Amino acid sequence: MVYDIIVLGSGPAGLAAAIAARGRNKSVLVIGNRWQDSPLAKAERVDNYPGLPGRTGPELLEELYEHAAALGTEFVVGKALSLLAWNGFSVTVGSQIYQGESLILAPGVIRTAKFPGEAEYLGRGVSYCATCDGMLYRTKPVAVVGLAPDAPQEANYLKRLGCQVVYVSPNPPQTLDPGIPYVKASKLAVKGEQTVTGLEADGTLLPCAGVFILRRAVAPTDLLPNLATEADTIKVDRNMATNLPGVFAAGDCTGAPLQVAKAVGEGHVAALSACAYLDSK
Ligand SMILES: Cc1cc2nc3c(=O)[nH]c(=O)nc-3n(C[C@H](O)[C@H](O)[C@H](O)COP(=O)(O)OP(=O)(O)OC[C@H]3O[C@@H](n4cnc5c(N)ncnc54)[C@H](O)[C@@H]3O)c2cc1C
């Protein structure tokens with residue numbers, strides 16, 4: 001199925017976008033974590049959301065989620081790992097690919113701090129997606145940088161494919177295949193020539209052909225390299241349109257104030273703009 005709109009991020013901005021788009025009868029898929037795992041779920045009390053003072057973060061999120069779900073929004077729990085912008089948008093989550101005619105980015109605050117060499121070798125040995133790129137490294141040595149809860153499973157998957165895996169992270173992983181060597185390190189740098197040749201981990205070089213950097217979230221700028229940003233925020237106009245046709249953004253990812261009311265308002269506008277874009281096609 002090709003969705004009218006794929007929303008990336010299931011926080012207040014993404015859920016508000018879904019509600020507005022379903023109100024215009026567009027098919028909507030939201031890709032993100034469970035609402036219970038959203039940042040706002042940690043808020044004990046939210047006093048500045050208009051009309052609903054004193055709600056807890058989980059209460060607000062659950063109501064937003066239930067509203068979006070009741071209107072027929074579809075949800076996929078997972079992390080968008082790669083995105084292809086061609087003839088619409090194809091988003092990879094795990095081993096599944098989802099297609100949409102337009103895209104609303106609502107991933108929250110974008111953190112773009114990267115390891116030295118990471119950006120330089122992205123696509124030339126550095127990958128954020130074991131499922132997408134694992135086969136390319138079959139029989140070869142690869143390093144998995146585990147910075148997300150699901151990273152050990154991804155490392156195990158690469159081993160099953162036949163990669164020679166070493167797992168690198170600041171904290172010992174749970175559920176890692178005991179056959180995978182673990183290196184405790186936090187100061188990392190990707191090394192290479194034309195392509196990746198190794199990962200430097202706390203001063204020790206681990207020779208490898210591929211480095212899988214698995215963080216909790218993949219920044220939209222890594223998914224869409226031509227996305228225009230300004231001071232680590234996605235650049236948008238008043239319609240929440242980005243520089244890329246069919247791509248809109250809302251919420252904390254577009255900058256301050258980092259607040260629910262602003263995220264919800266922007267999600268609403270982004271959805272109406274995406275609907276107008278679809279109707280004009
Ligand atoms: C403890 C705490 C208390 C707060 N209290 C208040 C308050 O009282 N009042 C107030 O107005 N604001 C408060 N905030 C701020 C508020 O939570 C944010 O402004 C709001 O949640 C922003 O919504 P968002 O949808 O833009 O982003 P988020 O809520 O951050 O949601 C984005 C979601 O997208 C997910 N995501 C990112 N990348 C990907 C990817 N590649 N694939 C899939 N999913 C992805 C993220 O994991 C995240 O769950 C608080 C925040 C915290 C952490």
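Helices (H or I, at least four residues) and strands (E, at least two) are DSSP runs, numbered from the N terminus. This is a predicted model: local features need pLDDT of at least 70, side-chain atom pairs count only at pLDDT 80 or more, and totals for chains, interfaces and linings use all residues. Residues are numbered from 1 along each chain as its sequence is written, and side-chain values use heavy atoms, with hydrogens and water left out. Serine 102 sits in strand β6 (residues 96–105).

**Serine 102**

- Serine 102 counts as buried, because its relative accessibility is 0%. Buried means under 20% relative accessible area, exposed means over 50%, and partly exposed lies in between (1.4 Å probe, protein chains only).
- A polar atom of the serine 102 side chain lies 3.0 Å from the backbone oxygen of aspartate 4. A polar contact is a pair of N or O atoms within 3.5 Å; within protein, one must be able to donate a hydrogen and the other to accept it, and residues adjacent in sequence count only if both atoms are side-chain atoms.
- Not counting residues up to four places away in sequence, serine 102 touches Asp4, Ile5, Ile6, Phe89, Gly246, Ala274, Tyr277 and Leu278. Contact means heavy atoms within 4.5 Å.

**Strands and sheets**

- Strands of a sheet pair through backbone hydrogen bonds, either parallel or antiparallel. Here two strands pair if DSSP finds at least two bridges between them.
- Five strands form an open sheet in the order β7-β14-β8-β9-β10, with parallel pairing. Its edge strands are β7 (126–127) and β10 (182–184), and each pairs on one side only.
- β7 runs parallel to β14 (residues 210–215), and two bridges join them. Valine 126 stands opposite valine 211 in β14.
- Strand β4 (residues 80–85) pairs with strand β5 (residues 89–93) in the antiparallel sense, over five bridges. Alanine 85 stands opposite phenylalanine 89 in β5.
- β4 and β5 form a hairpin with three residues between them. In the turn, asparagine 87 has a positive phi of about 55°.

**Helices**

- Helix α1 (residues 12–23) and α6 have axes that come within 7 Å and cross at roughly 40°. That angle makes α1 oblique to α6.
- The axes are lines fitted to C-alpha atoms, for helices over the stretch in contact, and angles run from 0 to 180 degrees between N-to-C directions. Angles under 35 degrees count as roughly parallel, over 145 as roughly antiparallel, 65 to 115 as roughly perpendicular and the rest as oblique.
- The contact is made by Pro12, Ala13, Ala16, Ala17, Ala20 and Ala21 of α1, and by Val260, Ala263, Val264, Gly267, His268, Ala271 and Cys275 of α6.
- In helix α4 (residues 151–161), the buried residues include Ala151, Pro152, Glu154, Ala155, Asn156, Leu158 and Leu161. The buried residues of α4 pack against α3 (130–133), β8 (141–147), β9 (164–169) and β14.

- Most residues other than glycine have a negative phi, and most peptide bonds are trans.
- The peptide bond from alanine 256 to proline 257 is cis, with omega near -5°. Proline 257 is found in the loop between β17 (247–249) and α6 (260–280).
- Aspartate 202 has a positive phi, near 50°. Its place is in the loop between β12 (196–201) and β13 (204–207). Aspartate 202 counts as partly exposed, because its relative accessibility is 43%.
- Alanine 231 has a phi near 50°, also a positive value in a residue other than glycine. Alanine 231 lies in the loop between β15 (229–230) and β16 (233–234). Alanine 231 is exposed, with a relative accessible area of 74%.

**Asparagine 243**

- Asparagine 243 is in the loop between β16 and β17. At 40% relative accessibility, asparagine 243 counts as partly exposed.
- The side chain of asparagine 243 reaches the backbone nitrogen of alanine 228 at 2.9 Å. A polar atom of that side chain also lies 2.9 Å from the backbone oxygen of asparagine 226.
- Leaving aside neighbours within four places in sequence, asparagine 243 is in contact with Asn226, Leu227, Ala228 and Lys235.
- Asparagine 243 and threonine 229 are 14 residues apart in sequence and 9.2 Å apart in space, C-alpha to C-alpha.
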